[in-house]
Amino acid sequence: MDYLECIKKHVKKARWRNVSSFWLNLASDSLTDLFEDYVCFEKRIMSEIPFLLSHIDNRNAKILDTCLGSGATTIGLKIAGIENIISNELSESFIRIAQKEAIKQEVSLDIRTWDWRQKGFYESFFEEFDVVLCLGNSLTYLLDEKDRLTALNHFNAVIKPHGKLIIDERNYAHHFLRGDFRYSGEILYCGKDKVSAKPIFVSESMVIMEYEHKHNFKKAHLMLYPFKENEMKEMLVEAGFEDIKVYGDYKKSFRPEEPEFLTYVCQK
């Protein structure tokens with residue numbers, strides 16, 4: 001299914017004219033051109049990596065970063081002394097960005113290109129990892145519920161007994177579906193001084209995000225699934241995870257409307 005058909009599937013006919021009037025740039029290369037500045041590597045790892053290290057019990061743990069993206073999480077952990085990491089990324093353009101940052105930081109990357117939904121993914125890594133990471137709001141790239149649950153089941157399959165999944169989402173329930181979008185530039189996507197981000201379409205089944213560089217004015221767009229309140233946690237339970245702890249912007253104590261991101265630390 002191409003992007004146009006995918007959008008049509010998730011937009012009610014009454015709103016199609018509004019959505020079809022947008023000029024959407026969904027090319028992967030355009031997105032990666034913006035994401036290097038949107039992520040802001042140095043600032044992101046200052047908050048993300050200490051949180052992850054607090055939940056990685058053993059510095060020799062074997063870790064799978066399921067969505068390498070621009071490389072911030074994997075590279076940040078390697079700088080912190082975690083060496084046994086396999087990174088997964090489907091986008092060649094994101095791999096190029098990550099490899100460039102890795103060379104700059106003088107670390108090496110072990111990259112695979114599995115689709116989370118494929119049987120070969122979990123067969124290749126069955127019960128191999130102590131910790132699996134799915135960060136940067138990555139699960140919401142899958143717009144269909146069946147695909148999201150398949151991915152979570154496969155994440156469970158590649159984790160060792162008593163291992164952990166650490167996964168996050170934007171606070172869709174309070175900041176998107178209630179019309180209160182926030183972008184502080186302090187959590188995960190920290191390049192607010194260079195790249196603006198905003199939703200240009202929000203429905204119960206799809207969000208279209210627009211990113212624009214403030215210097216060259218290039219734009220790119222992403223289609224994302226907006227989790228409802230408690231929906232992610234319910235799917236994690238359905239996929240077999242237990243002892244699920246939820247953090248708001250890396251804090252244990254928070255009010256539901258406060259955080260931009262919710263992070264789930266789940267025991268297998």
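Does tyrosine 250 count as buried or exposed, and at what relative accessibility? Tyrosine 250 counts as buried because its relative accessibility is 17%, where buried means under 20% relative accessible area, exposed means over 50%, and partly exposed lies in between (1.4 Å probe, protein chains only). This is a predicted model, in which local features need pLDDT of at least 70 and side-chain atom pairs count only at pLDDT 80 or more, while totals for chains, interfaces and linings use all residues. Residues are numbered from 1 along each chain as its sequence is written, and side-chain values use heavy atoms, with hydrogens and water left out.

**Tyrosine 250**
- Tyrosine 250 sits in the loop between E9 and E10, the strands being DSSP runs (E, at least two residues) that, like helices (H or I, at least four), are numbered from the N terminus.
- Not counting residues up to four places away in sequence, tyrosine 250 touches Ser47, Glu48, Phe51, Ile187, Leu188 and Thr263, contact meaning heavy atoms within 4.5 Å.

**The sheet of seven strands**
- This open sheet has the order E3-E2-E1-E4-E5-E10-E9 with mixed pairing, and two strands pair if DSSP finds at least two bridges between them.
- Strand E3 (111–112) and strand E9 (242–248) stand at the edges with a single partner strand each, so one side of each is left without a neighbour in the sheet.
- Strand E1 (residues 63–65) pairs in the parallel sense with strand E2 (residues 85–88) over three bridges, and the bridge partner of aspartate 65 in E2 is serine 87.

**The sheet of three strands**
- A further open sheet has the order E6-E7-E8, with antiparallel pairing, and its edge strands are E6 (195–202) and E8 (219–224), each of which pairs on one side only.
- Seven bridges join E6 to strand E7 (residues 207–213), and lysine 198 has glutamate 210 in E7 as its bridge partner.
- Helix H3 (residues 28–39) lies across E6, E7 and E8 and runs at about 95° to E8, with axes fitted as lines to C-alpha atoms, for helices over the stretch in contact, and angles running from 0 to 180 degrees between N-to-C directions.

**The largest cavity**
- The largest cavity has a volume of about 50 Å³, a cavity being a set of points, on a 1 Å grid over the protein atoms alone, where a 1.4 Å probe fits but cannot get out, and a volume being the space filled by probe spheres set on the points, which are joined across faces, edges and corners.
- Among the residues that line the largest cavity are Phe35, Arg170, Tyr211 and Leu222, lining residues having an atom within 4 Å of a point.

Technical notes:
On a 1 Å grid over the protein atoms alone, a cavity is a set of points where a 1.4 Å probe fits but cannot get out, and a pocket is an open set with protein on both sides within 12 Å along at least five of seven lines; lining residues have an atom within 4 Å of a point.
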